[in-house]
Amino acid sequence: MALDQFCSEPDNEVKPFVPDMTAYHLHSEASLLESRRINRQFELLCRKMQTHAYHLCDPGPLLLAPFVNDLGIVQAMESYGPARLRGKDLSNLALLNVFRILSGYRRINHLRNNRDRSVAFASGLGMFGSRSRYYEDTLEFKFDQLHLLRCDLVLRAKELGLTQGTKIAFDFHFKRFFGAHSIDKGIGKGPDKSGDLVPGFRPHGSWDLSTNTLLSMNYYHGGMRAPSILEHYCEEHIFPLFDPLAIEEIYMDSEYTKEASLQYFKQVRCANGDVYICLKKNKQIKKLIGPALEDEAGWEKHDEEDELKTIDVTLPKTLLPLRIAILRDLETRKKIRCFGSTNTELEASEMLQKYRYRWLVCYQRRKNQPKSSIKTQPRVALDADMRFGFC
């Protein structure tokens, strides 16, 4: 038996990162206009507008229509959408939902209660139907098709220069479910703002801090935790679209305080990048910072309220070097907060300054949350349903 094939040297050559081609380049506008029919009611409305005036109180959808066109939403639906929606109309009710979300209508019935036809007109539809009709095309989409549509949108945004993917922040949020029969529907429970376990969903989002733009978001049930789905999320939504070796900085919240999370980014996937993280005081972190808290030497005044101390540690399982900045109240020596980074050459003040970038992630500030001594930028209230929905 020839053993040469088993004894050959392993191929350690790193293959260059080549992202997939977006649907915008697979279907030209000219071919779509020639082979797809225009909605009949939309065509009649356009003819009627030649002799009748229509008052539009919300021009936003019409202004956004060229932007949606540049993103290649129609081409993406033609490539990755349900088979029933391909090869027929240029527009469909799913495209109507895109403009509904972008224009700020939270629910479908908000369109029915408004005589303004700007949303339907921008999506290429001429009239409003019943509520059930709005959901017909939406129900055709499967999860794998939505995933392909989302990835195509992220790639197209990268082509247009809307995102870069070199500085990425991760966040794990919680949205409470207020419906009934949550157990029968398989909706897990998670902690709300007050700390009580209630049914809800856990959106896992990634943010491009270079352009202050959302990269991608995926919803999980309330029982999921950040460390358990981090690798799964990145392998499906981030690394197939962005070169891991080109990522320079990664920012994470205390939800990800686990040695395996740091190892995954620094040693497995993003060897050229550094991780900046707010550390939760779990057993391992308490053991690492314990000697520094007992020793009163090395503390420096950070501002009028806090004092600061920096220590360099080696994580026990992965032997990964980590620099930890410890903040505590100047008077009471309590309210201990810890920030860590795999960049051991940074000064503590520089580390804290860099971690402020993660607060560009636009989630609402939790109620009754104690103010940090680090001067933060104001957070912008953002409705996840309205801004994240069409991604």
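Predicted model: local features only at pLDDT ≥ 70, side-chain atom pairs only at ≥ 80, totals over all residues.
Reader: How is helix 5 set against helix 6, parallel or oblique?
Author: Helix 5 covers residues 73-80 and helix 6 covers residues 93-103. Their axes lie 11 Å apart and the packing angle is about 140°. Angles over 145 degrees would count as roughly antiparallel. The angle of about 140° therefore makes helix 5 to helix 6 oblique.

Reader: Which classes of residue make up the contact of helix 5 with helix 6?
Author: Helix 5 contributes Ile73, Val74 and Met77 to the contact, and helix 6 contributes Ala94, Leu95 and Val98. The crossing of the two helices is right-handed. By class, the residues of this contact are no charged, no polar and six nonpolar.

Reader: At what angle do helix 4 and helix 6 cross, and are they perpendicular or oblique?
Author: The axes of helix 4, residues 60-70, and helix 6 come within 10 Å and cross at roughly 120°. Roughly perpendicular applies from 65 to 115 degrees. At roughly 120°, helix 4 and helix 6 are therefore oblique.

Reader: How many polar residues are in the contact of helix 4 with helix 6?
Author: On the helix 4 side are Pro61, Leu64, Ala65 and Val68, which meet Phe99, Leu102 and Ser103 of helix 6. This crossing is right-handed. The contact has six nonpolar residues and no charged ones, and the number of polar residues is one.

Reader: Which helix gives the most to the lining of the largest cavity?
Author: There are three cavities of 30 Å³ or more, and the largest has a volume of about 80 Å³. Its lining includes Val74, Met77 and Glu78, along with Leu32, Arg36 and Leu95. Val74 and Met77 also belong to the contact of helix 5 with helix 6. With three residues, the largest contribution to the lining comes from helix 5.

Reader: How many charged residues line the largest cavity?
Author: Among the lining residues are Arg36, Glu78 and Asp89. The lining also has six nonpolar and two polar residues, and the number of charged residues is three.

Reader: Which elements give two or more residues to the lining of the second largest cavity?
Author: The second largest cavity holds about 50 Å³ of space. Its lining includes Glu259, Leu262, Ile277, Leu279, Gln284 and Ile285. By class, the lining has seven nonpolar, three polar and two charged residues. The elements that give two or more residues are helix 12 (259-269), strand 7 (274-279) and helix 13 (283-294).

How values were computed. Residues numbered from 1 in each chain as written. Heavy atoms only, no water. Axes fitted to C-alpha atoms, helices over the stretch in contact; angles between N-to-C directions. Helix = DSSP H or I, 4+ residues; strand = E, 2+ residues; numbered from the N terminus. Parallel < 35°, antiparallel > 145°, perpendicular 65-115°, else oblique. Left-handed = near helix turned anticlockwise from the far one by under 90°. Contact = heavy atoms within 4.5 Å. Nonpolar A, V, L, I, M, F, W, Y, C, P; charged D, E, K, R; others polar. 1 Å grid on protein atoms, 1.4 Å probe; cavity = no way out; pocket = protein on both sides within 12 Å on 5 of 7 lines; lining within 4 Å. Points joined across faces, edges and corners; volume = space filled by probe spheres on them.
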